[in-house]
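Hi everyone, thanks for coming.

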Amino acid sequence: MTDLVQFDESVYQILISELGEEDALEVLRTFLDDTSGKFGKLAAKFEDRLELKREAHSIKSSSATFGFSALSRLSRELELGSATMEPAQMLEMVHKMQQSFEQAVLFAETNLLKRGVAAA
């Protein structure tokens, strides 16, 4: 597992215990779909720092819910720095977040979503 994923299985297990595995997988699929669309918005929001902060906050919170700690950490950095970062810094941070998200998607497809297929 790369540093861009940093998946915390215990966090995901808590989600499963609260929702059940089937619902946790459904919410995970929704997170992956919704978050994919947010990166286009992030790349276009450098002039609207408040909106950029909101999107980063949303990704931070959602990724933490599933145990994707690297993505959550990077999103937090963008959220906190959105008021003071230069556009180039923000673009670099969005790029790092997107790389981390892509790794999270790959990890989820390989390790988490296949569990649900096997259980079905």
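Let's start with a question: which residues in helix 1 meet which residues in helix 2? On the helix 1 side we have Tyr12, Leu15, Ile16 and Leu19. Across from them, in helix 2, sit Glu21, Asp23, Ala24, Leu25, Val27 and Leu28. If we sort that contact by class, we get 8 nonpolar residues, no polar ones and 2 charged ones. Before I go on, please keep in mind that this is a predicted model.

Now, how do we talk about a pair like that? Two packed helices are described by the angle between their axes and the distance between the axes. For helix 1, residues 9-19, and helix 2, residues 21-43, the angle is about 120° and the axes are 7 Å apart. That angle makes helix 1 oblique to helix 2. As for the hand, helix 1 passes helix 2 in a right-handed crossing.

While we're on helix 1, find Glu18, which belongs to that helix. Is Glu18 buried or exposed? Its relative accessible area is 60%, and anything over 50% counts as exposed, so Glu18 is exposed.

On to the next pair. The axes of helix 2 and helix 3 come within 10 Å and cross at roughly 155°. Over 145 degrees we say roughly antiparallel, so that is the word for helix 2 and helix 3. Helix 2 passes helix 3 in a left-handed crossing.

Which of its residues are buried? They are Glu51, Leu52, Glu55, Ala56, Ile59, Lys60, Ser63 and Phe66.

The next partner is helix 4, residues 69-81. The axes of helix 3 and helix 4 come within 8 Å and cross at roughly 160°. Helix 3 and helix 4 are therefore roughly antiparallel to each other. The crossing is left-handed here. Helix 3 brings Leu52, Lys53, Ala56, His57, Ile59, Lys60, Ser63 and Ala64 to the contact, and helix 4 brings Leu71, Ser72, Ser75, Arg76, Leu78 and Glu79. Those residues divide into 6 nonpolar, 4 polar and 4 charged.

Helix 4 passes the length check as well: it has 13 residues and reaches 18 Å from its first C-alpha to its last, close to the 18 Å expected at 1.5 Å a residue. Its buried residues are Ala70, Leu71, Ser72, Leu74, Ser75, Leu78, Glu79 and Gly81.

Let me pick one of those. Ser72 is in helix 4, and its relative accessible area is 12%, so we call it buried. What does Ser72 touch, leaving aside neighbours within four places in sequence? It is in contact with Lys60, Ser63 and Ala64.

Last stop, helix 5, residues 87-119, where you'll find Leu113. Leu113 counts as buried, at 14% relative accessibility. Not counting residues up to four places away in sequence, Leu113 touches Leu25, Leu28, Arg29, Leu32 and Ala108. Take Arg29 from that list: Leu113 and Arg29 are 84 residues apart along the chain, yet their C-alpha atoms are separated by 8.2 Å.

Also in helix 5 is Glu109. That one is partly exposed, with a relative accessible area of 43%. Between Glu109 and Thr35, which are 74 residues apart along the chain, the C-alpha separation is 15 Å.

How values were computed: Residues numbered from 1 in each chain as written. Predicted model: local features only at pLDDT ≥ 70, side-chain atom pairs only at ≥ 80, totals over all residues. Heavy atoms only, no water. Buried < 20%, exposed > 50% of the residue type's maximum accessible area, 1.4 Å probe, protein only. Helix = DSSP H or I, 4+ residues; strand = E, 2+ residues; numbered from the N terminus. Axes fitted to C-alpha atoms, helices over the stretch in contact; angles between N-to-C directions. Parallel < 35°, antiparallel > 145°, perpendicular 65-115°, else oblique. Left-handed = near helix turned anticlockwise from the far one by under 90°. Contact = heavy atoms within 4.5 Å. Nonpolar A, V, L, I, M, F, W, Y, C, P; charged D, E, K, R; others polar. Expected span 1.5 Å × (residues − 1).
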